Amino acid sequence: MTVANLKTEIDWTASALGSTDVAGLVATKLRCIAPMIAVYLTAYLGLSILCGFAKPVLGTKVLGPVNLGFALIALNYLVAWVLAVIYARVANRVHDPLVQTIIAKAEHEGGQS
Amino acid sequence: MNGITIGIFAAIIALTLAITVWAARRTRTATDFYAAGKGLTAAQNGFALAGDWCSAAAFLGFTGLTALYGMDGALYAIGPLVAFCTVLFIIAEPLRNTGTYTIGDVILYRMKRPPALAAAVLGTIVINLAYMIPQMAGGGALLKLLLGLRYDVSVVLVGLGMIVYVAAGGMLATSWVQIVKAVLMLSAGTVLLLMVLWQVGFDPLVFFSADEARYGPSFLLPGNFLKNPWDEVSLGLGYVLGLAGLPHVMTRFYTVPDAKTARRSVVWVMFLAGAFFACTTIFGLAAAHFVGQDAIRAADRGGNLTLPLLAQYLGGGKGSAGGEIMLGFIAAVAVATIIAVVAGLTLATSGAIAHDLYVNLIKKGNVRERDQVLAARVTAIVVGIVATLLGILAEGVNVAVLVILAICIAASANFPVLALSLFWRRFNTGGVIGGMGLGLISSVGLALIGPAYLGKDALWPLVNPTVVALPLGVLGAVLGTLIVGRNDAHERRFDEVMYRVHTGVRS
């Protein structure tokens, strides 16, 4: 992509691109991503803040010699891995087919005009 | 150190050079050079990403921190994994769909403005140099220790290695060197883990109770390394958003054919590198138990030799054949790691200079394919030489803090600008310059007046300024956007941008 060939690019109109479909795709993606972002940011930044300001709480023993701090670290590993797998599944099953539909539709309309 | 280390190291170097020769024959176009022909599979790119992210600072550093400071080391180790959630959910696929070789591509496509591109290039170069100098210095120190060479000779050897990989073999060689290294490192990690667990009857909880009994209850609490509570928060923020702004990690997503593969490669790295980092915590706790903090400090005050020492212990101890082989293997992998990571950084920097600055900004894209590759190779050599010289000058300076600075800039300047470019309709060139400018200035400025450089005379209490620099970077991006004001044509074009960001279809 370069400045030069961008200037000669066709000014696509929103309707020809099916921008409502793209907006729908973005909304679908956000419904999946937003809660997941909230979960991992809460888990991780929450842990960071507790480490800074609530040391004694993190020292509470929860599993034999393991304290709450290490348990929360383990929880963060679990959260990250589970979210990654969920996201990959949703993206493969929901997002990708939507993208294919949008591309097919745009090609179809492009062919007609 | 000994013949075994030198032998293993020579074998690894020979293998990577053979890869480079093979890759050099296949590197003809700019796409080959910057993006390995966009032909890597998800697993290959996942391993290469694991290689990029498991730098020596990470796999030696995290183990050492855990052994000497307990929980803070484990906190350092979990950060990168969580950060890959940010990369997976909001950066990897849009980046792959939108750009060609660099972060600058995305900014240029969105803004179509040279000043916006120039700001992105500046951010990339500063981050990469700040990230590279500590790696060069660490590599020099490690080679000096292993082979008994002088520090400056060691740094030159590291620099020579990375220049050869990058200038000759481009991204294809760099990727495969990373893959080989990642496989070696993960195998070594698996063997070490089994040996460590074998010693305690596969019950790692033993380490918690043993270390607590030996070093006191505070060992298992946070705050032993990061004294200021806000530094803990800064570390968290910097990691979770900064990784998504590191140029050498981002350029990896251009080496795959499509967004779906980019997504799958992130899932790969999350399981590979995530599991490895979880192991560094166990290794650290085990080393504190088996080797002991005194012996670790005696070998290196920063604890960077913890993992090699643990390997030596598990192999049978100092002087035993098994111990020396294990030590030699871990040490050789560590040096290979450093060369591979600086190669990735050299490549990303040469992309910013040769592709963004020379081809797109100065020549407006009117450069023949052959000359683009030539420019990229020459730039890689120059960047390599500059990094080597800076690495030599860095002897004896506390450079570890530069890694923190690089991640802080990536989180405060690169990440907001990249994310807003992809998702905010009104975001404009003013926002790019405002975000990059304020993010960069506040990160560098606060780091310079902080304890990392001024010690006790620090004017500002935090080593890691992300907690302040990140909000400032976002503020700069928003203010810059508002000051420049709205532009109907620019905002209408956002529909086209969104179309490409989410489908990958190009006009």
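How many residues of chain B are in contact with chain A, and with how many residues of chain A?

1. Please keep in mind that this is a predicted model. In it, 57 residues of chain B are in contact with 55 residues of chain A.

2. On the area of that interface: about 5200 Å² is buried between chain B and chain A, and carbon and sulfur atoms give 75% of it.

3. Now the polar side of the interface. There are three salt bridges between chain B and chain A. One salt bridge joins the side chains of B:Arg263 and A:Asp96, at 2.9 Å from N to O. Polar contacts link 11 residue pairs across the interface of chain B and chain A, counting pairs with both residues at pLDDT 80 or more.

4. Which elements of chain B give two or more residues to the side that touches chain A? They are α6 (71-98), α7 (103-111), α10 (205-215), α11 (229-242), α13 (259-290) and α23 (494-503). The largest share, 14 residues, comes from α6(B).

5. Chain B also has a nonpolar surface patch of about 370 Å², made by B:Leu17, B:Val153, B:Leu157, B:Leu160 and B:Val164. Helix α9 (residues 151-199) of chain B gives the largest share of this patch, four residues. B:Leu17 sits in helix α1 (residues 3-25) of chain B, and B:Leu17 is partly exposed because its relative accessible area is 37%, which falls between the 20% and 50% cut-offs.

Notes:
Residues are numbered from 1 along each chain as its sequence is written. Chains are lettered from A and ligands numbered from 1 in the order in which they are written. This is a predicted model: local features need pLDDT of at least 70, side-chain atom pairs count only at pLDDT 80 or more; totals for chains, interfaces and linings use all residues. Side-chain values use heavy atoms; hydrogens and water are left out. Patches are made of residues with over 30% relative accessible area and no salt bridge: like charges are joined within 9 Å, nonpolar side chains (Val, Leu, Ile, Met, Phe, Trp, Tyr) within 5 Å. Accessible areas come from the Shrake-Rupley method with a 1.4 Å probe; for residues, only the protein chains shown count as cover. A salt bridge is a side-chain nitrogen of Lys or Arg within 4 Å of a carboxyl oxygen of Asp or Glu. Buried means under 20% relative accessible area, exposed over 50%, partly exposed in between (1.4 Å probe, protein chains only). Contact means heavy atoms within 4.5 Å. Buried area is the accessible area (1.4 Å probe) that two parts lose on being put together, summed over both. A polar contact is a pair of N or O atoms within 3.5 Å; within protein, one must be able to donate a hydrogen and the other to accept it, and residues adjacent in sequence count only if both atoms are side-chain atoms.
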